[in-house]
Amino acid sequence: MFDSIAGKFTGIMRTLSGKGKISEKNVRDAVEEIKEALLDADVNLRVVRRFVNSTLDEALGEKVLSSVNPGQQFTKIVYDKMVELLGGAGNTSLNLKGKDTTSIILLMGLQGSGKTTAAHKLAYKLKKEGRKVMLVAADLVRPAAITQLQVLGEKAGVPVFTLPGEKDPAKVAEAAVSRAKHDLFDTVIIDTSGRMHLDQALMEEIQRVAKVTHPDETLFVADAMTGQSAVDIAKEFEEKVGISGVILTKFDSDTRGGAALSLRAVVGKPIKFIGTGEKMEDLEVFHPERIATRILGMGDIVSLVEKAQEQFDQAEAERLQKKMEKNTFDLQDYLDQLENLKKMGSADKLLEMIPGAKGNISEEDLHLEELEKEKAIIRSMTRFERSNYRIIGPSRRKRIAKGSGTSVAEVNRLLKKFEKSRLMMKKVMTNKKLQAAMLKQFGM
Ligand SMILES: Nc1nc2c(ncn2[C@@H]2O[C@H](COP(=O)(O)OP(=O)(O)O)[C@@H](O)[C@H]2O)c(=O)[nH]1
Ligand SMILES: [Mg+2]
């Protein structure tokens, strides 16, 4: 999703960010291009207008045109607007009660939107977070719906409540909730039936289920592939039943992104999760900032950082943390870090995630070769040298250069860089952008 719009935005942003000075006309042209890109992505017309007007207002303010770096200022404005459009920074988590009582989550949406799939993904996720979850099969319309949920529930290791023979979904839901309370389940996820199209019977059915279960979360499941119509349907559900949030499924599909970009603004309810595939694990918390970054071609630095974090095993991370705190981070640790970088995947993938890198930086620019050299240099050091870099004087440097097939100048450069890294680590130890900054320091 978003490939096409991201391509366009990246182009627009790049044109402006290179300029030392920008004129009012430059801003107007850029905003016009943004408008076209949004419309092409099937974003709701009113949403586009609002976005464009407020961007223009702010960008034409004196602040931008006369600022030191107008291109960057402009990018920042567009970024902020985009984050706002997608739901704003901050909390998109579920409003569930504590584990000493039972919280109810009701899923609803049209047929095929991904409710049943989302139900078991959510069950799996909440179970992993330590909740005791029960799934409820309240889709009694489609013949195979109950078995489908049972199969998925088993995969997720979550029990599925059914009431064989019962034809009324509200009765099933009601019975499920009292069973859940009795058996001390803290979370109940109710999967309901959909219809091919919006219809009155469906709305009434959902209303009745909601009435007897008092859900803490009423999540509307929207199929991203249906674009604008997902927005209209969400609106209808909001009016008739009331929704607390949206799960946007099939985010992995090749759609233009109009639904994602319009839902929040039109319906006024946050997108809480996105479905990114058919598997149980393919449910992610929706982060407006990250999506905005991706669309604007700023690269998803947060994802990069998280990916880096995943690659460390926890123990290793803690060990390094301690070392940095005590400032005993040594060349051996640096070498370990360099090796870790490799585990993070292909350079190509990394480039995609570094702000502005795509198209601007080649793999060569990543200094992969240099990193290889650095590894060779450290490997030519003795253990003692690796943990006591200060003792590496001229003759040791000569030996190390020879041993690693590099030059003394290159050894010098590495040591200098390492010393700088240590200094910086000390400074950023308390900063949460630590990982990102470190990566940068390490030649990324
Ligand atoms: N690629 C992809 N497919 C999905 C996603 N969510 C659901 N699906 C597929 O969409 C189809 C309909 O899903 P289902 O949960 O049965 O929809 P329901 O009728 O609303 O319960 C199934 O084939 C799912 O595998 C998603 O996030 N990504
Ligand atoms: Mg279903």
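In the predicted model, helix α6, spanning residues 115-128, and helix α7, spanning residues 145-156, have axes that come within 9 Å and cross at roughly 25 degrees. Angles under 35 degrees count as roughly parallel, and α6 and α7 are therefore roughly parallel to each other. The crossing of the two helices is right-handed.

The contact between these helices draws on several residues from each. On the α6 side, T116, A119, H120, A123, Y124 and K127 take part, and they meet A145, Q148, L149, L152, G153, K155 and A156 of α7. By class, the residues of this contact comprise seven nonpolar, four polar and two charged.

The ligand is surrounded by 19 residues, of which G114, K115, T116, T117 and G275 are the closest. With three residues, α6 gives the most to this shell. In composition, the shell around ligand 1 holds 13 polar residues, five charged residues and one nonpolar residue.

The chain has 444 residues, and buried residues account for 38% of them. Contacts in the chain were also examined by sequence separation. Among those between residues at least 6 apart in sequence, 75% join residues at least 24 apart.

Technical notes
Residues numbered from 1 in each chain as written. Chains lettered and ligands numbered in written order. Predicted model: local features only at pLDDT ≥ 70, side-chain atom pairs only at ≥ 80, totals over all residues. Axes fitted to C-alpha atoms, helices over the stretch in contact; angles between N-to-C directions. Helix = DSSP H or I, 4+ residues; strand = E, 2+ residues; numbered from the N terminus. Parallel < 35°, antiparallel > 145°, perpendicular 65-115°, else oblique. Left-handed = near helix turned anticlockwise from the far one by under 90°. Contact = placed C-beta atoms within 7 Å. Nonpolar A, V, L, I, M, F, W, Y, C, P; charged D, E, K, R; others polar. Near = placed C-beta within 6 Å. Buried ≥ 20, exposed ≤ 12 C-beta atoms within 10 Å, placed from the backbone.
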